[in-house]
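Welcome! Please take a look at the sequence and the model below, and then read on for a short tour.

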Amino acid sequence: MIHNTDAAGDAFAADLLRGHTDTIVLGVLRRHDSYGFEIHKLIRDAIGGASEIKEATLYASYRRLLRDGLAEAYWGDESQGGRRKYYRITDAGRAAFTQNVAAWVATRGILDSLLGTAPGSTKGSDR
């Protein structure tokens with residue numbers, strides 16, 4: 001059952017984000033190597049508080065990316081705190097990112113057509 005409330009909309013948006021967590025992390029790692037909490041902060045700042053991907057979800061993503069060979073981990077130098085584990089995207093990770101983004105764009109186009117939200121579309125309007 002679908003409820004038309006802000007809370008239901010927020011949960012739907014959160015589920016969509018969570019479903020793309022691996023691709024989002026790969027997108028961050030395409031720009032530069034990064035450690036876990038830094039990735040969390042970058043994503044949080046990019047979202048601007050509109051939603052959140054929880055740290056536990058991100059750490060599960062890091063483990064999947066390592067297991068699948070889409071990212072590598074290494075220990076950085078000690079800074080003010082303990083040593084940080086950094087993540088680096090692999091060539092397979094870059095290929096997966098490109099493929100996932102292409103799939104997302106195609107899916108978004110299909111959904112826009114079905115929902116009438118494509119630019120210039122009148123389908124799905126409240127008429």
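## Salt bridges

The structure holds 6 salt bridges. Please keep in mind that this is a predicted model.

Let us start with D15 and R18, which form a salt bridge whose closest N and O atoms are 2.4 Å apart. Both residues belong to helix α1 (residues 6-19), and because they are 3 residues apart there, about one helical turn separates them. D15 has a relative accessibility of 46%, so it counts as partly exposed. R18 is partly exposed too, with 40% relative accessibility.

Another pair to look up is R67 with D68, a salt bridge in which the closest N and O atoms are 3.0 Å apart. Here R67 counts as exposed, at 60% relative accessibility, whereas D68 counts as partly exposed, at 42%.

## A link between distant parts of the chain

Which residue forms a salt bridge with D33? The partner is R88, and the closest N and O atoms of this pair are 3.6 Å apart. The pair links distant parts of the chain, 55 residues apart: D33 lies in the loop between α2 and β1, and R88 lies in strand β3.

On accessibility, D33 has a relative accessible area of 29%, so it is partly exposed. R88 is partly exposed as well, with a relative accessible area of 33%. D33 and R88 also belong to one network with E72, joined by salt bridges that share partners.

## The sheet and the helix packed on it

Strand β3, which holds R88, leads us to the sheet. Strands of a sheet pair through backbone hydrogen bonds, either parallel or antiparallel. In this model the sheet is open and has 3 strands in the order β1-β3-β2, with antiparallel pairing. Its edge strands are β1 (34-35) and β2 (71-75), each of which pairs on one side only.

How many bridges join β1 to strand β3? There are 2 bridges between β1 and β3 (residues 85-89), and these strands run antiparallel.

## A histidine in helix α3

Next, find H40, which sits in helix α3 (residues 36-47). Is H40 buried or exposed? Its relative accessible area is 7%, so H40 is buried; the cut-off for buried is under 20%.

What does H40 touch, leaving aside residues up to four places away in sequence? Its contacts are E52, I53, E55, L58 and Y62.

Key. Residues numbered from 1 in each chain as written. Predicted model: local features only at pLDDT ≥ 70, side-chain atom pairs only at ≥ 80, totals over all residues. Heavy atoms only, no water. Pairing = 2+ DSSP bridges. Helix = DSSP H or I, 4+ residues; strand = E, 2+ residues; numbered from the N terminus. Buried < 20%, exposed > 50% of the residue type's maximum accessible area, 1.4 Å probe, protein only. Contact = heavy atoms within 4.5 Å. Salt bridge = Lys/Arg side-chain N within 4 Å of Asp/Glu carboxyl O.
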